Amino acid sequence: MFFLFVSPESEFIEKIVGDVLKKLHAMSSSHTMTGLFGIDVRVSKVESLLNMESPDVLIVGIWGMGGIGKTKIAEVVCSKVRSRFERIFVENFRQQSDLRRSFLSWLLGQETLNTMGFLSFQDSFVRDRLRRIKVFIVLDDVDDLMRFEEWRDLLDGRNSSFGPGSKVLITSRDKQVFSNVVDETYKVQGLTDEQAIQLFSSKALKNSIPASDHRHLIEQIGRRVQGNPLALKVFGSFLYGKSIEEWRSALNKLVQPPQIERVLRISYDGLDSEQKSIFLDIAHFFNRMKPDEATGILNCLYGRSVIFDISTLIDKCLITRTHKISNNELEMHDLLREMAFNIVRAESDFPGERSRLCHRSDVIQVLKENKVKATAINCRSCICSKVDVFE
């Protein structure tokens, strides 16, 4: 005797709809990646770290300097995988003043939240609701460790807080945010030379194939900004429609547009006063210096150990510690150095009244006038600390 079990028609329809939705999302996500040069590799890497097929609740951090593409990577990942989850929550941490309430309103509905009054992540009602659904959460641009504390309990107890297979993406320019929270951290690197050329050309030449003269200049600009996508887009748009002579002139005076500096200053503004000062010192005097040598001088200058401060600057992507074959060096992105120079220039219109000098013309001017009030002068890599020369 044989028995034939036939599933209800609604189940078949649901499976067909689910399959169609997955294919449509795959098609739409491929379109979202058009023009985002080099992002496919980065997205695939983040997807592999999230391990989409695993029932485990996994948290991945995306780390990198301002403008490097962290948010865009998270957006594309979210677009590609959204059909796998019951609910999607995406919010900018820095811009949302009350992220807890925004999240609970998304989870429970505004009407329920208004009825029940104040709720926290520790309430059993919240936990019970959340652990019953498979969610994908993106916390973008997390910049405040104190505000992030209320999320830690929820994330620490991930397997009892969220439904099986739930995933969380956190983006930040501060590595300390990820400490004891994430399962994996993905550091976003700049674009390759070829990717930088493609992205820049899409803005400056509207996807036209660059001539040899243009290509040579684009390569120089790409190296100057070290593959930073935001900088490439802004500079490319800035030079659109300009002549080759104007391109050469712009390269010789590659000033930093306000759009870029606003993004980069976020990390700097989050430092305390001494850390800001150390950042400016490194930009002016210690870039590409051996860490031990730079730290030794800074220890003397500040009268204490600055190891913690150096570590903080590294965690916030304001400096890097390179590991080269020959030696290690403290290194700062050219865009960040230019920002540091601009910060010091803004101290006064008169070079002799600024805290630091590094440009040869400024140094010569204040020495000729014999009115040097700067804390330190960097001239041809010679450092003269605590210079006070008056008439």
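Good morning, colleagues. Please bear in mind throughout that the model is predicted.

I begin with the sheet. It is open and has 5 strands, in the order β2-β3-β4-β1-β5, with parallel pairing. Strands β2 (87-92) and β5 (184-187) form the edges, each pairing on one side only. From one strand to the next, the twist averages 15 degrees.

Let us look at one of these pairings in detail. Strand β3, residues 135-140, pairs with β2 in the parallel sense over 6 bridges. Within this region, Glu91 stands opposite Leu139 of β3. Two helices deserve mention here. Helix α4, residues 99-108, packs on the sheet and touches β2 and β3; the direction of α4 makes about 160 degrees with that of β2. Helix α3, residues 70-81, lies across β1 (58-63), β2, β3, β4 (167-172) and β5. Relative to β3, helix α3 runs at about 170 degrees.

I turn now to the aromatic residues. The model contains 11 aromatic pairs. One of them joins Phe93 and Phe148 in an edge-to-face arrangement, with 6.0 Å centre to centre and 75 degrees between the planes. Which parts of the chain does this pair tie together? Phe93 belongs to the loop between β2 and α4, while Phe148 belongs to helix α7, residues 145-156, so the pair links parts that are 55 residues apart in sequence.

Finally, I draw your attention to Arg356, which is placed in strand β8, residues 356-357. Is this arginine, Arg356, buried or exposed? The relative accessibility of Arg356 is 8%, and the limit for a buried residue is under 20%, so Arg356 counts as buried. The side chain of Arg356 makes a polar contact of 2.7 Å with the side chain of Ser355.

That concludes my presentation. Thank you for your attention.

Note on methods
Residues are numbered from 1 along each chain as its sequence is written. This is a predicted model: local features need pLDDT of at least 70, side-chain atom pairs count only at pLDDT 80 or more; totals for chains, interfaces and linings use all residues. Side-chain values use heavy atoms; hydrogens and water are left out. Helices (H or I, at least four residues) and strands (E, at least two) are DSSP runs, numbered from the N terminus. Buried means under 20% relative accessible area, exposed over 50%, partly exposed in between (1.4 Å probe, protein chains only). A polar contact is a pair of N or O atoms within 3.5 Å; within protein, one must be able to donate a hydrogen and the other to accept it, and residues adjacent in sequence count only if both atoms are side-chain atoms. Two strands pair if DSSP finds at least two bridges between them. Axes are lines fitted to C-alpha atoms, for helices over the stretch in contact, and angles run from 0 to 180 degrees between N-to-C directions. Contact means heavy atoms within 4.5 Å. Rings of Phe, Tyr and Trp (its six-membered ring) pair if their centres lie within 6.5 Å; planes under 30 degrees apart count as stacked, over 60 as edge-to-face and the rest as tilted.
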